[in-house]
Amino acid sequence: MPTDEAYGVLLVSFSRHSHQRNFVSLYRQHPRTRIVAVADDDDTIDEDLRRLNRIWAQQLGVPYVTSVGEALRRADVAIVSIGHDIERRSKLAQLAAAAGKHLWIDKFLGATLSECDLVVDAVAACGVTAMVPSYGYGSLLRQARPILASGRLGQLLGCHVDLHFAKGLPRHIDDHSIQFLGGDTGEWKYPELKRELLTTGSYSVGLLQTCLGRTRRIHGTGGGFFFPEHAQRGADDFACLTLVDEDGHLGTLSAGRVGLGSHPAGGPCRAWLVGSDATAIIDAKRPAAQAYLHSDLLDLTRPPAANDPMGWATGPPTLHPPADDDPAGLATALEEFVTALDGGPELQYTVSHARDNMEILLAGYQAIATQQELHLPLSRQAPLS
Amino acid sequence: MNRLIIVAAAHQLNWIQDLHDVDPKLVVLWKSKKTPANLSCAKRLEDAVADGVQNALFLTPQASLAADVAFCQERGVRVHSAGPIPDTGRRSPASTPNEGILCGMPWRHDGLWKRLEKTRQRPAFGAPVFYRRVSGGGASGLLSTWWALWQGLMESAQTLSSPVSHAKLNVTRRGPRRLWHASMHVHVECGATAQIVVTPQPDADRADRLLVGTGGSISTDSTDTGLHLIDGDGGIQPLEARTPLQEWVRATINSSSALPDPQVSGWQQLTTSDSLLNAIRRAARHRQTITLT
């Protein structure tokens, strides 16, 4: 039942690869959430993260608890906000669910499909509410849902998305011969790069999941085109996928980190919803105020900060800031989460969706690596290769 | 050229009627289901091919396209087609397969594409990585989908400036009018990718484009005409500029005999031949992904 009481939020870590820092202001601004502590298993993390966690706790004026288990026993914790490295998320989510805490999980549930499955099972078994805010509430989805519901498109036949981050400084790549890594190892964390199909492609997959049925077939292309860091490891900074769902509907996406200053609004975020009666074009970067300030123009050409070369912690400079003040949909997601905790409707994007999102991307990685079309669902028992 | 047969779709009627301003002496013989008021019409191509007709413009791929082209060839009428001609073996045995047939590429007359192409050639653009092209064209079934994909494929290869190494094709059909929706995932030899999408709307002529290179991105928007009408009900309607197909038709009519578009290279000929048409058929019939190499 709705009450006026705020839900206590435990922030589990501030990994550089997560968006925990972006969630802080949301929790502070929402009248029904209150940050009560920061926690991590302090003796298992590196010095940088240990320092970062302490700094955040100090800034927020809350205790830093050096054991997650101990923090989960606190009675004032209702929500656990998981912003740890992808390799730790599944275990943390299972522990928190077992402690009866509701979950706010930044992006993927785990590093492998099996780890994602364990979270889905734990959430169901423990009866907690789990929100994965990143893939179901952004501008594209919020605009697509009413169009789909209106029936004006007729029968939906396909959905196509370009979503890129205009971040990082592209540099010449000497060697294009390194074999593509694929994605079956479950290793996603690198100090200098992110796998961009996973990082940026997941948003587009969220839209395709909403528009289309379950993905049955997938093929793709990708590689390292912009950054030597990616090319030298055989990792992807750009990739494209084509999906076919159970009814034969088509989905395509392109995703990647394409360089600072390559787009006036920080990267394209555009979709075509193709129906039998009409096609809708959604541009999440429109409408926009078209601002041309000298300093902003110069910012477009300025190299990124040395301590954040890929722009993980900073937004790209933009000349056309979109009018939407919640482009990533995080505030919308938090509102829906709180409403669900109060007994409202079920979440539109669940941990099961996030698990399937991961499966689609894993299949996409394998399809790119093998240059073959892959069929879903992937086998749960056998390794992908 | 002042006597001309035009074979076009009903949705092209409005601007076909205005072609007289290109050449006041122009006599257009129309072959379509709807009868325009101010054009000379013929129900059958045989009736339209009158004395003095030297050229025929095929602006839409009707089911009788191959037979109509063969008929024109037999009578020495030069054929200008806005897309490829299916090879059904019915062309004039007296002529070589493409004799007297000029297959155009209307997208080369698109001002937005030309600007994109010019910008791409600047060193600052770097190496191309990705090309997205979304257009209509699937509203009239198999052949119109084929034309739209062909145009998209040619344009993509030209824009990425690299031969196609392989492509995967997916097609879905739905609805009472057998509307076609297709996507083609194209990999070119330089490593870049193109995603070509054909929607089940009629206008294959207008395309949305996004070209991404290592030095930046270039995009064109088919809905951005720069001219909008706000009517009394508050509705906003873009006013249409002349389309690439219209530009191509005008260039063709104004040309005495020269082919306005350059010859396509060998691999393009191969890719745009009937193998693509057959691939579309197979992808639709068997609901399979078809690989083109």
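**Chain A: the two domains**

Colour chain A by its domain assignment, with residues 7–131 as domain 1 and residues 139–327 together with 361–369 as domain 2. The C-alpha centres of these two domains of chain A lie 26 Å apart. Where they touch, domain 1 of chain A contributes 10 residues and domain 2 of chain A contributes 8 residues; on the domain 1 side of that contact there are 5 charged, 3 nonpolar and 2 polar residues.

**Chain A: the sheet and its helices**

Next select the open sheet of chain A, in which 7 strands follow one another in the order S12-S11-S7-S10-S9-S8-S13, with mixed pairing. At its edges are S12 and strand S13 (374–375) of chain A, each of which pairs on one side only. Within the sheet, zoom in on S8(A) and S9(A), which are antiparallel and share 8 bridges; here Thr221(A) has Cys240(A) in S9(A) as its bridge partner.

Helix H8 of chain A, residues 201–211, lies across S7, S9, S10 and S11 of chain A and runs at about 165° to S7(A).

**Between the chains**

Show both chains and select the residues in contact, which are 34 from chain A and 29 from chain B. On the chain A side, the elements that give two or more residues are strands S7 (156–165), S8 (215–223), S9 (238–245), S10 (250–257), S11 (269–275) and S12 (279–283) of chain A. Coloured by class, this side of chain A shows 18 polar, 13 nonpolar and 3 charged residues.

**Chain B: overview and confidence**

Turn to chain B, whose secondary structure consists of 8 helices and 15 strands. Of its 293 residues, 48% count as buried. If chain B is coloured by pLDDT, the average is 83, and 82% of the residues score at least 70. Where pLDDT is low, the predicted coordinates should not be read in detail.

The domain assignment of chain B gives domain 1 as residues 3–103 and domain 2 as residues 106–224 together with 263–292. Their contact takes 10 residues from domain 1 of chain B and 12 residues from domain 2 of chain B, and the domain 1 side of it divides into 6 nonpolar, 3 polar and 1 charged.

**Chain B: a buried strand**

Finish at strand S11 of chain B, residues 207–213, which is largely enclosed by the rest of the structure because 7 of its 7 residues are buried. Viewed along the strand, Ala207(B), Arg209(B), Leu211(B) and Gly213(B) point one way, while Asp208(B), Leu210(B) and Val212(B) point the other way.

Then bring in the strands that pair with S11(B). Strand S7 of chain B, residues 128–135, runs antiparallel to S11(B) and is joined to it by 7 bridges, with Arg133(B) bridging to Arg209(B). Strand S12 of chain B, residues 216–220, also pairs with S11(B) in the antiparallel sense, over 5 bridges, and there the bridge partner of Arg209(B) is Thr220(B). S11(B) and S12(B) form a hairpin, with 2 residues between them.

Methods. Residues are numbered from 1 along each chain as its sequence is written. Chains are lettered from A and ligands numbered from 1 in the order in which they are written. This is a predicted model: local features need pLDDT of at least 70, side-chain atom pairs count only at pLDDT 80 or more; totals for chains, interfaces and linings use all residues. Two residues are in contact if their C-beta atoms, placed from the backbone, lie within 7 Å. Helices (H or I, at least four residues) and strands (E, at least two) are DSSP runs, numbered from the N terminus. Ala, Val, Leu, Ile, Met, Phe, Trp, Tyr, Cys and Pro count as nonpolar, Asp, Glu, Lys and Arg as charged, and the others, Gly among them, as polar. A residue is buried if 20 or more other C-beta atoms lie within 10 Å of its own, exposed if 12 or fewer, and partly exposed in between; C-beta atoms are placed from the backbone. Domain bounds come from an automatic or database domain assignment. pLDDT is the predictor's confidence in each residue, from 0 to 100. Two strands pair if DSSP finds at least two bridges between them. Axes are lines fitted to C-alpha atoms, for helices over the stretch in contact, and angles run from 0 to 180 degrees between N-to-C directions.
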